[in-house]
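Work through the exercises below with the sequence and the 3D view side by side. Try each task before you read its solution.

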Amino acid sequence: ILDQENDLFTGLTVSKYPARYGFGELLENESNTKTVRQALATDTLPRHLANLERLLTSGGTSWMAGTSGPTVADFVLVPRLEWL
């Protein structure tokens with residue numbers, strides 16, 4: 001489940017903090033950043049959010065891991081999803 005969080009947010013995090021991840025020169029250009037964020041918004045994020053939705057639905061509870069209470073996955077994912 002935490003791998004899903006990583007898959008979902010890596011591109012967005014890199015586009016927000018490009019220099020931290022070695023993409024400073026590539027994404028300091030406003031046009032490049034706009035192109036990357038458009039791809040994230042129209043393809044990458046919806047695809048990964050759909051994966052998370054399937055995971056939550058298949059668990060049978062309101063918690064990410066399908067448990068009777070929250071797990072570390074819930075505590076990691078909720079603030080990250082609120083960031084969107």
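**Exercise 1.** Does Glu-5 count as buried or exposed, and at what relative accessibility?

*Solution.* Start with the ground rules. This is a predicted model, where local features need pLDDT of at least 70, side-chain atom pairs count only at pLDDT 80 or more, and totals for chains, interfaces and linings use all residues. Residues are numbered from 1 along each chain as its sequence is written, and side-chain values use heavy atoms, with hydrogens and water left out. Next, take the cut-offs: buried means under 20% relative accessible area, exposed means over 50%, and partly exposed is in between (1.4 Å probe, protein chains only). Glu-5 has 13% relative accessibility, so Glu-5 counts as buried.

**Exercise 2.** Find the salt bridge partner of Glu-5, then say which parts of the chain the pair links.

*Solution.* Recall the idea first. Side chains of opposite charge can pair when their charged atoms come close. The rule used here asks for a side-chain nitrogen of Lys or Arg within 4 Å of a carboxyl oxygen of Asp or Glu. The partner is Arg-80, at 2.8 Å from N to O. This pair links distant parts of the chain: Glu-5 sits in helix H1 and Arg-80 in helix H4, 75 residues apart. Helices here are DSSP runs (H or I, at least four residues), numbered from the N terminus. Arg-80 is partly exposed, because its relative accessibility is 24%.

**Exercise 3.** How many salt bridges does the rule give, and where does the one with Asp-43 lie?

*Solution.* The count is 2. Asp-43 pairs with Arg-47, and their closest N and O atoms are 3.2 Å apart. Both residues belong to helix H3, 4 residues apart, which is about one turn of the helix. Asp-43 has 41% relative accessibility, so it counts as partly exposed. Arg-47 is also partly exposed, at 42%.

**Exercise 4.** Describe helix H1: its length, its bend and its buried residues.

*Solution.* H1 covers residues 2-16, which makes 15 residues. From first C-alpha to last, H1 reaches 20 Å, close to the 21 Å expected. That expected span is 1.5 Å times one less than the number of residues. H1 bends by about 40 degrees at Phe-9. The bend is the angle between axes fitted to the seven residues ending there and the seven starting there. The buried residues of H1 include Leu-8, Phe-9 and Leu-12. Their cover includes helix H2 (24-27), helix H3 (30-59) and helix H4 (72-83).

**Exercise 5.** Which residues of H4 are buried, and which are exposed on the other side?

*Solution.* The buried ones are Ala-73, Asp-74 and Leu-77. They cover an arc of only 85 degrees around the axis, so they lie on the same side of H4. The arc is taken from the directions from the helix axis to the C-beta atoms. On the other side, Val-72, Phe-75 and Glu-82 are exposed. The buried residues of H4 pack against H1 and H3, where contact means heavy atoms within 4.5 Å.

**Exercise 6.** What kind of aromatic pair do Phe-9 and Trp-83 form?

*Solution.* The structure holds 1 aromatic pair. The ring centres of Phe-9 and Trp-83 are 6.1 Å apart and the planes meet at 40 degrees, so the pair is tilted. Rings of Phe, Tyr and Trp (its six-membered ring) pair if their centres lie within 6.5 Å; planes under 30 degrees apart count as stacked, over 60 as edge-to-face and the rest as tilted. Phe-9 is buried, at 1% relative accessibility, whereas Trp-83 is partly exposed, at 33%.

Conventions
Helix = DSSP H or I, 4+ residues; strand = E, 2+ residues; numbered from the N terminus.
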